[in-house]
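Work through these exercises with the model open beside you. Try each task before you read its solution.

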Amino acid sequence: QVQLVESGGGLVQAGDSLRLSCAASGRTLSIYAMGWFRQTPGKEREFLAGITWNGGRTSYADSVKGRFTISRDNAKNTLYLQMNSLIPEDTAVYYCAADQRGAFITFISRLGSDYDYWGPGLQVTVSS
């Protein structure tokens, strides 16, 4: 199975940018479809963005469309989330996740229950 670890979070000001990384180990990232989610206290985990195993298709939540960009470098076994124009409402714990159906699907699931492996999460705080 694959192990995932997020990095690149922290405290930023509104309007700033951050790039999150998700490093995979144990298995090659290329066999998984991948997603980014976030969660705030008292709320359900929210889908943000997803990408197919080969990067050919992406999908975004309306709340981040046009501001966030998901990408992957399978050669580096790493998933990315470029976050621009951050707002205080983006404050959350961010998670990357892997869908082991990978190359067998051409769609991107927005359901957390469809993802099989998760990173431990990473705090992102945006101050106003």
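**Exercise 1.** Find which residues Asp99 is in contact with, leaving aside its neighbours within four places in sequence.

*Solution.* This is a predicted model. Start at Asp99, which is found in strand β9. Skip the neighbours within four places in sequence; Asp99 is then in contact with Ile31, Tyr32, Ala33, Ile105, Asp114, Tyr115 and Asp116.

**Exercise 2.** Decide whether Asp99 is buried or exposed.

*Solution.* Take the relative accessible area of Asp99, which is 1%. Buried means under 20%. Asp99 is therefore buried. Now look at the whole strand. β9 spans residues 92–99 and is mostly covered, with 7 of its 8 residues buried.

**Exercise 3.** Work out which strands pair with β9, and in what sense.

*Solution.* Take the partners one by one.

- Strand β4, residues 33–39, pairs with β9 in the antiparallel sense, over 7 bridges. In this pairing Arg38 stands opposite Tyr94 of β9.
- Strand β11, residues 122–127, also runs antiparallel to β9, and 3 bridges join them. Here Tyr94 stands opposite Leu122 of β11.
- Strand β10, residues 117–118, pairs with β9 over 2 bridges, again antiparallel. The bridge partner of Ala97 is Trp118 in β10.

Note Tyr94: it stands opposite Arg38 and opposite Leu122.

**Exercise 4.** Give the strand order of the open sheet of 4 strands, then name its edge strands.

*Solution.* The order is β1-β3-β8-β7, and the pairing is antiparallel. The edges are β1 (3–7) and β7 (68–73), since each pairs on one side only. On average, neighbouring strands of this sheet are turned by 15° against each other, direction ignored.

β7 is joined to β8, residues 78–83, by 6 bridges, and the two run antiparallel. Asp73 stands opposite Thr78 in β8.

**Exercise 5.** Describe the surroundings of Phe68: is this residue buried or exposed, and what does it touch?

*Solution.* Phe68 lies in strand β7. Its relative accessibility is 2%, so Phe68 counts as buried. Leave out residues up to four places away in sequence. Phe68 then touches Arg38, Leu48, Tyr60, Leu81, Gln82, Met83, Asn84, Leu86, Asp90 and Tyr94. Two names return from Exercise 3: Arg38 and Tyr94, which stand opposite each other.

Phe68 and Leu11 are 57 residues apart along the chain, and their C-alpha atoms are separated by 17 Å.

Key
Residues numbered from 1 in each chain as written. Predicted model: local features only at pLDDT ≥ 70, side-chain atom pairs only at ≥ 80, totals over all residues. Heavy atoms only, no water. Buried < 20%, exposed > 50% of the residue type's maximum accessible area, 1.4 Å probe, protein only. Pairing = 2+ DSSP bridges. Contact = heavy atoms within 4.5 Å. Axes fitted to C-alpha atoms, helices over the stretch in contact; angles between N-to-C directions.
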